[in-house]
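Hello,

Here is the structure I promised to pass on. Have a look at it first, and then read my notes below.

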Amino acid sequence: MRNLGLLTALLFVLSATLSSASVSDSHTNAKLVSEVRSVQPGKPFWVAVRLTMDAGWHTYWRNPGDSGLPTKIKWTLPEGFENGEIQWPYPHKFGSSNIVSFGYKDEVFLLTEISPPKSLVPAAPVKIAATVEWLECKDGCVPRQADLILELPVKNAAPEPDSRRVKQFEETRWKLPLTSSSWQISAAGSKSGFILQLTPPPGLGSELAKILFFPEKGGIIDHAAEQEATKTETGHILKLKKSPYTPEPATRLRGVLVSSTGWRGLNSERALQVDIPVIYDFQVN
Amino acid sequence: MKWNFVLLLLVLCFSLTSALNVQADEPVIGKPAPDFTLMDADGIEHSLSAYKDSLVVLEWFNPGCPFVKKHYNSNNMQKLQKHYTEKAVVWLIINSSAEGKQGHCTPGRANELIKEKDMAVTAFLLDHDGKVGRLYGAKTTPHMFVIDKSGVLIYHGALDDKPSTKITDIEDAENYVQLALEEVMAGQSVSLKATQPYGCSVKYGAK
């Protein structure tokens with residue numbers, strides 16, 4: 001009898017586990033989180049869509065690479081509120097030797113700035129809603145969508161940071177590409193691709209390791225081709241192969257340069273925004 | 001005089017190496033599309049060279065891929081196939097999903113899919129070792145190639161300008177394959193010859 005009770009209990013636990021697993025068959029958990037605990041009229045604040053992926057699964061950067069789709073967020077905000085663009089942390093490169101993707105595994109916070117109107121009066125809490133669409137892939141891909149809601153009280157006082165989020169937002173900001181630096185970066189175009197010349201500011205003796213360029217959109221460079229980095233007397237050279245899908249040679253290179261050593265000395269920020277003209281000189285081969 | 005000769009030699013060397021580089025690579029717009037022979041779902045061999053004098057469309061296919069499902073569940077792909085095969089265009093579907101990988105089609109499954117999806121194609125070709133896929137640098141499903149009557153590649157890339165898995169995006173999409181076929185059939189040169197393909201990665205097996 002006691003054994004039967006135990007068996008029933010076991011079965012109950014087992015079925016509960018199974019049913020909770022079947023509630024959502026998505027391999028990515030999406031949540032809308034805020035850096036602050038309240039909204040102050042006229043004071044912009046940051047929220048993030050947090051995507052937590054199962055082991056082996058990934059989602060995509062703004063340029064997904066050879067396959068995949070970038071994550072999209074559609075905001076539904078109270079009247080007078082405005083939202084900024086997604087601030088994309090630098091991506092990772094994965095895939096096989098001839099097909100590569102740019103994106104994230106484990107967890108990513110997609111930060112977006114929300115600006116409430118000055119005329120906002122502290123009354124009922126405000127509702128921030130986001131419809132998030134992403135493509136999750138492992139061996140195969142599944143498109144997903146989630147409607148997320150966040151409620152925040154409105155207070156005239158300066159917003160208090162949410163202690164659960166401070167570190168997460170800080171770590172994410174560290175992964176956002178630096179928008180300016182003292183590096184001199186130029187691009188020369190040739191028939192077969194581009195040569196980036198990276199010259200550090202005087203005094204910054206650090207040598208860059210594992211340099212990678214992620215183009216902002218497809219059709220510019222061959223995503224899967226190896227990017228050959230060479231140390232020169234004055235800095236570094238990075239060779240990029242032209243995309244086979246370029247109808248016209250690119251006149252600008254826009255994207256993100258990533259180095260595991262950092263752009264402001266050892267262990268500094270790893271990603272740097274690049275938006276430079278391509279200089280074509282027919283002497284360069 | 002001597003220097004000129006050295007220079008000429010150097011230039012020759014450079015052009016030779018770059019020509020070799022291109023050769024080892026994926027097919028090039030304006031150059032002959034590489035020939036291949038593959039078995040269809042009924043065990044019949046099809047060679048690209050046998051379709052000289054016809055316009056040929058190659059469509060990389062994986063039935064489990066949400067991007068492919070978008071174009072088949074909406075009937076968008078079948079409509080295109082029907083429209084152009086009726087105009088004597090040769091439309092070849094190529095399945096490069098290796099055994100055990102997503103979208104792998106046995107000959108039986110391929111024949112089922114032709115019926116189920118009401119495909120209007122010239123042949124459904126099986127490329128399970130991925131040789132032809134790799135030869136063409138096929139990256140995604142769907143990845144499209146258009147070859148003219150002289151066997152020259154005139155378009156490669158995406159099916160249309162809306163990389164998404166949503167059927168509702170089809171209506172406003174500009175279809176690049178249609179654009180290329182219409183232009184070449186009207187005796188014009190193709191205005192958009194290459195675009196970044198979109199979709200799921202082709203599920204190749206190990207080399």
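**An aromatic cluster in chain B**

B:Phe36, B:Trp60, B:Tyr136 and B:Phe145 come together as one aromatic cluster. Rings of Phe, Tyr and Trp (its six-membered ring) are taken to pair if their centres lie within 6.5 Å; planes under 30 degrees apart are called stacked, over 60 edge-to-face and the rest tilted. Over all chains, the search of the whole structure turns up 13 aromatic pairs. One of them is B:Trp60 with B:Tyr136, a tilted pair at 6.1 Å centre to centre and 35° between the planes. This pair links distant parts of the chain, 76 residues apart: B:Trp60 belongs to strand E3 (residues 56-60) of chain B, and B:Tyr136 to helix H5 (residues 131-136) of chain B. Helices (H or I, at least four residues) and strands (E, at least two) are DSSP runs, numbered from the N terminus.

Buried means under 20% relative accessible area, exposed over 50%, and partly exposed in between (1.4 Å probe, protein chains only).

**How to read the model**

Please keep in mind that this is a predicted model: local features need pLDDT of at least 70, side-chain atom pairs count only at pLDDT 80 or more, and totals for chains, interfaces and linings use all residues. Residues are numbered from 1 along each chain as its sequence is written, chains are lettered from A and ligands numbered from 1 in the order in which they are written, and side-chain values use heavy atoms, with hydrogens and water left out.

**Helix H2 of chain B**

Helix H2 (residues 66-73) of chain B is mostly covered, with 6 of its 8 residues buried. Among them are B:Phe67, B:Val68 and B:Tyr72. Just after H2(B), B:Asn75 has a positive phi of about 75°.

**Chain A**

Chain A has 2 helices and 17 strands, and 47% of its 285 residues are buried. An open sheet of 7 strands runs in the order E13-E16-E17-E11-E12-E15-E14 (chain A), with mixed pairing. Strand E13 (212-215) and strand E14 (228-231) of chain A stand at the edges with a single partner strand each, so one side of each has no neighbour in the sheet. Within this chain, strands E12 (residues 193-199) and E15 (residues 236-241) run antiparallel, joined by 6 bridges; two strands pair if DSSP finds at least two bridges between them. A:Ile195 stands opposite A:Lys239 in E15(A).

Best wishes
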